[in-house]
Amino acid sequence: VQLQASGGGLVQAGGSLRLSCVVSGRTFSGYHVGWFRQAPGKEREFVAVISWSGGSTYYADSVKGRFTISRDNAKNTVYLQMNSLKPEDTAVYYCAAGPSRSVYPVAYDYWGQGTLVTVSS
């Protein structure tokens, strides 16, 4: 399974970005997909996860109400819509696929390469 994350960039505080994660190589619909982020000097942290059916989502408290995760199984793609961005959202964002909906990185078997999001104040 290969994951390709894209959509990062530089945005001002209060702005929006949409990240995409394209999954290829195996049956996409069987995997839960999560987004994580890692800021310089910090550990990788959970952002959001979506079930393989798309019917269940879960968010970190820090992004709840501002970020929305969704998936299009026909396109093998998971999205992370990020609104009302804050400077503290600055990080490399990674998508990951695995058999469980977990907030822990170790639970995920496959990872994308990451895409950088920079939010200026």
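Modeller: Before we start, a strand here is a DSSP run of E with at least two residues, and a helix is a run of H or I with at least four. Bear in mind that this is a predicted model.

Colleague: Okay, so what makes up the chain in terms of helices and strands?

Modeller: By that definition, the chain has 11 strands and 0 helices. Read along the sequence, the pattern is β-β-β-β-β-β-β-β-β-β-β.

Colleague: What makes a residue count as buried, and how many of the 121 do, as a percentage?

Modeller: The cut-off is under 20% relative accessible area. In this chain, 44% of the residues count as buried.

Colleague: What makes a set of residues a nonpolar core?

Modeller: The members must be buried, of the nonpolar kinds such as Val, Leu or Trp, and joined through side-chain atoms within 4.5 Å. The largest such core here has 35 residues, and W35, V47, F67, I69, L80, M82 and Y93 have the most contacts inside it. Elements giving two or more residues to this core include β4 (32-38), β7 (67-72) and β9 (91-98).

Colleague: And what share of the contacts with a separation of 6 or more comes from residues 24 or more positions apart?

Modeller: Those residues account for 55% of them.

Note on methods. Residues numbered from 1 in each chain as written. Predicted model: local features only at pLDDT ≥ 70, side-chain atom pairs only at ≥ 80, totals over all residues. Heavy atoms only, no water. Buried < 20%, exposed > 50% of the residue type's maximum accessible area, 1.4 Å probe, protein only. Contact = heavy atoms within 4.5 Å.
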